[in-house]
Amino acid sequence: MTLTTYDLAAEAGAILSRLGVPAAIWKEGTLAVRSPVTGEALGSAQEVGPAEATKAIDAAHKAFLEWRLVPAPKRGELIRLLGEELRAAKSELGRLVSIEAGKITSEGLGEVQEMIDICDFAVGLSRQLYGLTIATERADHRMMETWHPLGVVGIISAFNFPVAVWSWNAALALVAGNSIVWKPSEKTPLTAIASHAIFEKALKRYVEAGYTAPDGLSTLLIGGAAVGEALVDHPKVPLVSATGSTRMGRAVGPKLAGRFARAILELGGNNAAIVTPSANLDLTLRGVAFAAMGTAGQRCTSLRRLFVHESVYDTLVPRLKKAYGSVPVGNPLEAGTLVGPLIDEAAFNGMQKALEEAKAAGGSVSGGERLLANEAANAFYVRPAIVEMPEQVGPVVEETFAPILYVIKYSNFDDALELNNAVPQGLSSSIFTNDVREAEAFTSARGSDCGIANVNIGPSGAEIGGAFGGEKETGGGRESGSDAWKAYMRRATNTINYGSSLPLAQGVKFDV
Ligand code: UN1
């Protein structure tokens, strides 16, 4: 089937209507929505402005005051139901992710699976919001810490994981006793509307089962930058979790810091992999191919820089180039396609600019040309590009959200480690090696400086169980698994005197 034989607007509309979303919400608004698959218009979503956003945040604050009193395991029941609803809607929501964000079918479904996984995690967590009991130096005293709900949590998400990143934040924030307000990417409002409709189904079942949930517990705000700003500036939003570019983080971070609100920032990545002499090259080839070309290079965790030891360079790089030349690029809805479209024309132009800059810096480029323009003039497909670079300069130290892999030869392991760390971003990284000393060094204090450091897998495709995020210009935030939940709660240290005297700490005397 050619690209033009699809009617994606009809299909997206049918999915939204089966989820019970009134047509006016996605058809009669002002925000034009298009599919990167064909470039066709999908609808026009209704938007809100800053005044409505502020009203929604005020309502969310009221909701928080009630929700924080619901016992955490009972809050977990809402997320259990959300997980059930997501399971039931997996194929439809996954399809909508593919239509609106251009992901191949297994990745669209995988994104919904990631939502289901975090729900399962959060349900368990709702009975495990543990604080410590701490030894005190005073007789007849007890010291402990308690974790309390924080308030309204603002969620700003990006187009490339249009629904999973919301769910990481929503599931943790809600079991933690917070209310949530979500501003999705303007490029992917329909998947946000669909996800929120699924949430509302879970909420309805929750209330029908006799539980209490306040109005305004979760709000979706479709809108532009001004809506994001309303979240960032509102004094009743103690935490904003924002995923996007480093530029966006530079605008949001200082504003939040200025009013002492918390930020979870998940910003740009410029992820590398080191291929050492002992690497299993078959496994490396597959790991590199998925990490660098998967999602058309549009993951925060996509592999962008590859350091290959001189002893394996001439074996691996030609094989990689062959894979780049033959990887099936095209309609992500068709079985067999591995690389779908770029999100839009701006992404295509950004890729071409980076390739020009790489050439000017001495790079030798294979691939990168536009494909399928004759079938769909407004869709932007490209052959993934592999660029052999003499050194790490120019566009190599920047994040370009497109499938470009820069390859650099190295001879000394420590130099490769240094190159891995010599960029402003610090999200993810990996090493391909069968040498235990290299693997351990890479994951040690003198190794990769990133939030994620993998061995014998690529830098992308993390599971939800680990904390997700990175250092330096990536912003320092952690979402998803491990103890990332702590960022969504406030900690109180409690010292309780059950005796009848009042000994002071540090031996201080103050007898009046
Ligand atoms: C992102 O690109 O913002 O680790 C998130 C991964 C996915 C999440 C990526 N689980 O690649």
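Domain bounds here come from an automatic or database domain assignment. The model is predicted: local features need pLDDT of at least 70, side-chain atom pairs count only at pLDDT 80 or more, and totals for chains, interfaces and linings use all residues. Residues are numbered from 1 along each chain as its sequence is written.

View 1. The assignment gives domain 1 (8-267 + 475-492) and domain 2 (271-464). Their C-alpha centres lie 30 Å apart. In the contact between them, 21 residues of domain 1 meet 19 residues of domain 2, a contact being two C-beta atoms, placed from the backbone, within 7 Å. Helix α5 (residues 105-125) supplies six residues, the largest share of the side of domain 1 that touches domain 2. By class, that side has seven nonpolar, eight polar and six charged residues. Ala, Val, Leu, Ile, Met, Phe, Trp, Tyr, Cys and Pro count as nonpolar, Asp, Glu, Lys and Arg as charged, and the others, Gly among them, as polar.

**View 2. The shell around the ligand.** The ligand is surrounded by E114, N160, F161, V165, T243, R299, C300, T301, S460, G461 and A462; a residue is near a molecule if its C-beta atom, placed from the backbone, lies within 6 Å of it. Four nonpolar, five polar and two charged residues make up this shell. Domain 1 and domain 2 both give residues to the shell, so the ligand lies between them.

**View 3. Helix α6.** Helices (H or I, at least four residues) and strands (E, at least two) are DSSP runs, numbered from the N terminus. Twelve of the twelve residues are buried, among them W166, W168 and N169. Buried means 20 or more other C-beta atoms within 10 Å of a residue's own, exposed 12 or fewer, and partly exposed in between, with C-beta atoms placed from the backbone. Just after α6, G177 takes a positive phi of about 95°.

**View 4. An open sheet and N497.** Three strands run in the order β3-β4-β23 with antiparallel pairing, where pairing requires at least two DSSP bridges between two strands. The edge strands β3 (133-134) and β23 (489-497) each pair on one side only. Nine bridges join β4 (residues 141-149) to β23, and H141 has N497 as its bridge partner. With 14 other C-beta atoms within 10 Å, N497 is partly exposed. Leaving out residues up to four places away in sequence, N497 touches D140, H141 and L502.
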